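Here are my notes on the model. Please read them with the structure open.

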Amino acid sequence: RIGGTANIRPFADRSMRVGFAARFDQEKQPGFFMDLAERVHAEQPEVKFAIFSGGPLRSNNPRYIDRARQLEREGRLVIYENLKKNDYYNLLNDTRVLFNCALQDWVSNTVSEADTLGCNVLYPAYRSFPETFANDPNRLYIPWSIDDAYMKLDTLLQTPHHNMGLISDWTDS
């Protein structure tokens, strides 16, 4: 169970996993996340992509659900559904990067939770995310740029970012 920093898994011992914890609705751009998953899987099949959902996976666009289920059948995506909060935290504690591609979020609880639990975070440089990330160019990607997201993700999968913890410290204040 996660209860203090002593329980935070060392980055090097974490699964080579990229998580997605936003709703799967169209405005969260789950298609972009799945595009990234397919691209990374083609070149680095050891990297696992996962959806973390507190309820059953649902969307305001059924095509996203169909595509996610197909990617799961093909072994390119894992869908964790009906997660309790502690189950979600335990997954974050074994994940290297939490990815977000929503273009309608402001500050997200997911970024604070992941940053607290030792995950690298990669979010679009959009709305209030540049402020939240203190304009960190390594953890913000150009919105809609799969190439920029791919390059930054590759780096964040390797080592913990030197600013890890600053977002959760700022949020905590």
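**Notes on the predicted model**

1. Serine 168 touches Ser112, Asp115 and Thr116, leaving out residues up to four places away in sequence; contact means heavy atoms within 4.5 Å. This is a predicted model, in which local features need pLDDT of at least 70, side-chain atom pairs count only at pLDDT 80 or more, and totals for chains, interfaces and linings use all residues. Residues are numbered from 1 along each chain as its sequence is written, and side-chain values use heavy atoms, without hydrogens or water.

2. Serine 168 sits in helix 7 (residues 166–172). Helices (H or I, at least four residues) and strands (E, at least two) are DSSP runs, numbered from the N terminus. Why is serine 168 counted as buried? Because its relative accessibility is 11%; buried means under 20% relative accessible area, with a 1.4 Å probe and protein chains only. A polar atom of its side chain lies 3.1 Å from the backbone oxygen of glycine 165.

3. Strand 5 (residues 120–124) has 5 of its 5 residues buried. Asn120, Leu122 and Pro124 point one way, Val121 and Tyr123 the other. In a regular strand the side chains alternate between the two faces of the sheet.

4. Strand 5 runs parallel to strand 4, joined by 3 bridges; strands pair if DSSP finds at least two bridges between them. Valine 121 stands opposite leucine 98. Strand 5 also pairs with strand 6, again parallel, over 2 bridges. There, tyrosine 123 has leucine 140 as its bridge partner.

5. Helix 1 (residues 30–43) has buried residues including Phe32, Phe33 and Leu36. Its buried residues pack against several elements, among them strand 4 (97–99) and strand 6 (140–141).

Key:
Expected span 1.5 Å × (residues − 1). Buried < 20%, exposed > 50% of the residue type's maximum accessible area, 1.4 Å probe, protein only. Polar contact = N/O pair within 3.5 Å; in protein donor to acceptor, adjacent residues only side chain to side chain.
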